[in-house]
Amino acid sequence: LLYQAIEHDPQFADAYAGLASSYASAAVNFATEPLEYAREAKTNAAIALRLDPASARAEAAQGLVDSLILLDWSTGERELRRAVALMPQNGPNRTYLGLVLLARGRFQEAIAEEQTAESMDPLVPAVSSAFAYYLARRYDESLRQFLKVRDLHPDVIALHPFIGAVWQEKHQYDKAMGEYQLALPK
C-alpha cells in the first residue's frame, strides 16, 4: 500500500517514511538479510527527509538502522534524539532511543526514556525497560516490568527465561527454575 501511495503521489513523504520504518523494523527484528533491509530503510528515509525535513518517523528509522544494524551508535543516537525532539509524544521513538542508550551502557538515561514511553502508553510496557533495569542491577523493578509484560502477553514463552534470570539474581533459585522450565518445549 505504501508503494501504491508513492506511485499515486511521488512527493508523499509519509509514505517513504513508512517504508523506511517498516524496513528498519524488519532489519532489527527478523530479516534474514538485515543489511539489505537497512539499505532500503536508509534510502527511503533519505527521500522522506528530502521531501519533509521534519519527518520524525524517517529520522527514527535512520537512527534505528544506524545504531542497531550498522553499529554507528553516535549517529544513531543523534538521529533518534532528533526524532524525539520532532515528535516528543511518540513512545516508540523514545523506546528506540532507550534501546540505543541501553546498548551504550547508559542505563539511567535508558530507563528514563523507557519510563517516558510507558507513561505515554501504559498498556504497552516495553521489554527493553525490563532489560534496562536488569542491566542496572535494579532487579525488583526489572521483575515488576517483566511480569507486567507477561501478564499482558501470557503466551510469549520467550519471556520466561528472562524472568528466571531475574529470580536467579535475587537468589530465588526455585522460582528461577520454574520460569526456565516454562520455556522448555512440551
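**A note on the chain and on Tyr180**

1. Let's start with charge: in the protein chain, the mean positions of the 18 positive and 24 negative charges lie 6 Å apart. Please keep in mind that this is a predicted model.

2. On the overall fold, the protein chain has 11 helices and 0 strands. Its C-alpha atoms fill a box of roughly 60 × 35 × 30 Å along the principal axes.

3. Among contacts with a separation of 6 or more, 44% are between residues 24 or more positions apart. The accessible surface of the chain is about 10,200 Å², and carbon and sulfur atoms account for 56% of that surface.

4. You will find Tyr180 in helix 11, which covers residues 173-182. Tyr180 counts as partly exposed because its relative accessibility is 27%, between the 20% limit for buried and the 50% limit for exposed.

5. Who are its neighbours? Leaving aside residues up to four places away in sequence, Tyr180 touches His160, Pro161, Gly164, Ala165 and Gln168.

6. Finally, for a sense of scale, pick Ala56: Tyr180 and Ala56 are separated by 124 residues in sequence, and their C-alpha atoms are 40 Å apart in space.

Terms used
Residues are numbered from 1 along each chain as its sequence is written. This is a predicted model: local features need pLDDT of at least 70, side-chain atom pairs count only at pLDDT 80 or more; totals for chains, interfaces and linings use all residues. Side-chain values use heavy atoms; hydrogens and water are left out. Helices (H or I, at least four residues) and strands (E, at least two) are DSSP runs, numbered from the N terminus. Buried means under 20% relative accessible area, exposed over 50%, partly exposed in between (1.4 Å probe, protein chains only). Contact means heavy atoms within 4.5 Å. Accessible areas come from the Shrake-Rupley method with a 1.4 Å probe; for residues, only the protein chains shown count as cover. Lys and Arg count as positive and Asp and Glu as negative; His and the chain ends are not counted. The place of a charge is taken as NZ of Lys, CZ of Arg, CG of Asp or CD of Glu.
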